[in-house]
Amino acid sequence: MDKAIDRRKDLTNWLKRLSGIVVLFGFWEVLSLFFPPVIVPSVERVFLTFSQLLLRGELWLPLSHTVTRVLMGVGLSILLGGGVGILAGLVKGIYEAIKPVVVIIENIPPIVWVIVAIIWFGLGAIPPVFAIISLAVPIISVHLAQGIRDIDPSLREMAHSFNVKISTKLYHLYLPAITGTFFSALSVGFGLTWRVVVMAEFFGSMSGIGNQLNWARFNLETDKAFAYTILVVSLGLMTEYLVIRPLQNWATRWRIRK
Amino acid sequence: MRTMVKLSGVEKTFNSLKVIKNLNFWVLEGEVVSLIGLSGCGKSTTLRIVANLEKTDKGTINRGFKRLAFIFQEPRLLPWRTALENIVFVLKDRISNKIERQQIALHYLKLMKLDQFKNYYPNQLSGGMKQRISVARALAINPDIILMDEPFSDLDFPLRLLLIDSLQEILKKESKTAIYVTHDIRDSLLLSDRIYILTTKPMHVKEELYISTEMKKMSNPKFLELEEHIINLLKEDSLREGENK
């Protein structure tokens, strides 16, 4: 009985969400009726361009460049941010010292990182990766440090009273305890990453989705710009719902089992 | 018999309030000793001092044990590990063989009649079951001494009696030394060989009682006599505390 009610509630919620998207697309379609395609292309025109790009295989190369950069950037950020975060979580002095630095870094507009990276490394693959790292490392390290600091002190004391070694504590107490915060950091980080990488490619790279957007701007191909935007949004949603959430659910499966 | 713990002239102050003053007591090997006192008198602090989780301001503590296990008031289980894994957690650094670790953990889960729940996560188990796992965890490391800080206080009386019964049996069978902190007189009479009655503000030993095996039975009139005697001692303390307020 409860399950049936839950299922009905889920369905209603999904319908509400879907109606929001329908309204958005409807608004877009109405706008396209009043403006020429070069200003606002219609929904069907954009999806037609998207499918043509897909079928002609034009999408794959910029997509692979962008995805590689995101994976490299996020991977390096996890290593760097993870190391700093764990250290700051374990040592209060380091935590206090990095807190203001992180606040300063977080307030630097992402475009600044791109500009600095172009000056330092020139145009190419490095500026997007550099921008991702600059953005994601503070988020991951602060989340992890906070996660470790928030670990139930009674569990720490229990481990201490049983004389458990730090390596065992790290693997069985600290890491599982911060899984939730790690994945929420990853979710926030990835969300920003897709947006920043495109911007960084737009200004500082000769390849990738951002570069394609630059060409679309240059050639006044608004439908192409919209098509690539759909691609970036899809990538963001796919990482969240097909990668991060399933991994998070798996890692925190002990919470749902009742 | 060797002395496992000896506290001499121990003092402890919290925020300029002297909580413990001139505390002296000892525990011999194989003994189960209870510390009884009113809530908040400093019993748990004493236990934490013995476990080296708390520092003292004055006095000496002689520890004749190498390995101690603590059973806390709450089960303190890792929520992301199963019942079996929670016990294995404290064995990791002591036993290198994985199979041996699991066998030991399972043995103590069996002892607590929880072996069929070995793959359950703590949030799938009742409060009593979780506390039994924490008892199994403490026994699994084969400690020289077990420190128990009111581990059964959150449980219903019948369940508490059952747990005390099985714990008493195990402690005797394996001739374990234990310090049991409680404010429940019956629990301590059932479980202990010796009881220290503690007064409050600042805490020190008021009286020491020896409990023979015969006296540990609730049907024995001596049991009720002793219970009444302790109640009166604690009542005095409670009244004194009330006057001071």
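**View 1. A salt bridge joins R76(B) to E157(A).** In this predicted model, the closest N and O atoms of R76(B) and E157(A) lie 2.7 Å apart. Across the interface of chain B and chain A, the rule finds two salt bridges. Polar contacts between chain B and chain A link nine residue pairs, with both residues at pLDDT 80 or more.

**View 2. Chain B meets chain A through strand and helix residues.** Strand 5 (68-71), helix 2 (83-91) and helix 4 (127-140) of chain B each give at least two residues to the side that touches chain A. Strand 5 of chain B provides the largest share of that side, three residues. By class, the side of chain B that touches chain A holds 14 nonpolar, eight charged and three polar residues.

**View 3. The contact brings together 25 residues from chain B and 22 residues from chain A.** About 2300 Å² is buried between the two chains. Carbon and sulfur atoms give 61% of that area. W80(B), F89(B) and D93(B) supply 29% of the area that chain B buries against chain A. That is more than any other three residues.

**View 4. S32(A) sits in helix 1 of chain A.** The helix spans residues 2-34. Is S32(A) buried or exposed? S32(A) has a relative accessible area of 11%, so it counts as buried, the cut-off being under 20%. Leaving aside neighbours within four places in sequence, S32(A) is in contact with V40(A), P41(A) and S42(A).

Technical notes: Residues numbered from 1 in each chain as written. Chains lettered and ligands numbered in written order. Predicted model: local features only at pLDDT ≥ 70, side-chain atom pairs only at ≥ 80, totals over all residues. Heavy atoms only, no water. Contact = heavy atoms within 4.5 Å. Buried area = accessible area lost by both parts, 1.4 Å probe. Salt bridge = Lys/Arg side-chain N within 4 Å of Asp/Glu carboxyl O. Polar contact = N/O pair within 3.5 Å; in protein donor to acceptor, adjacent residues only side chain to side chain. Helix = DSSP H or I, 4+ residues; strand = E, 2+ residues; numbered from the N terminus. Nonpolar A, V, L, I, M, F, W, Y, C, P; charged D, E, K, R; others polar. Buried < 20%, exposed > 50% of the residue type's maximum accessible area, 1.4 Å probe, protein only.
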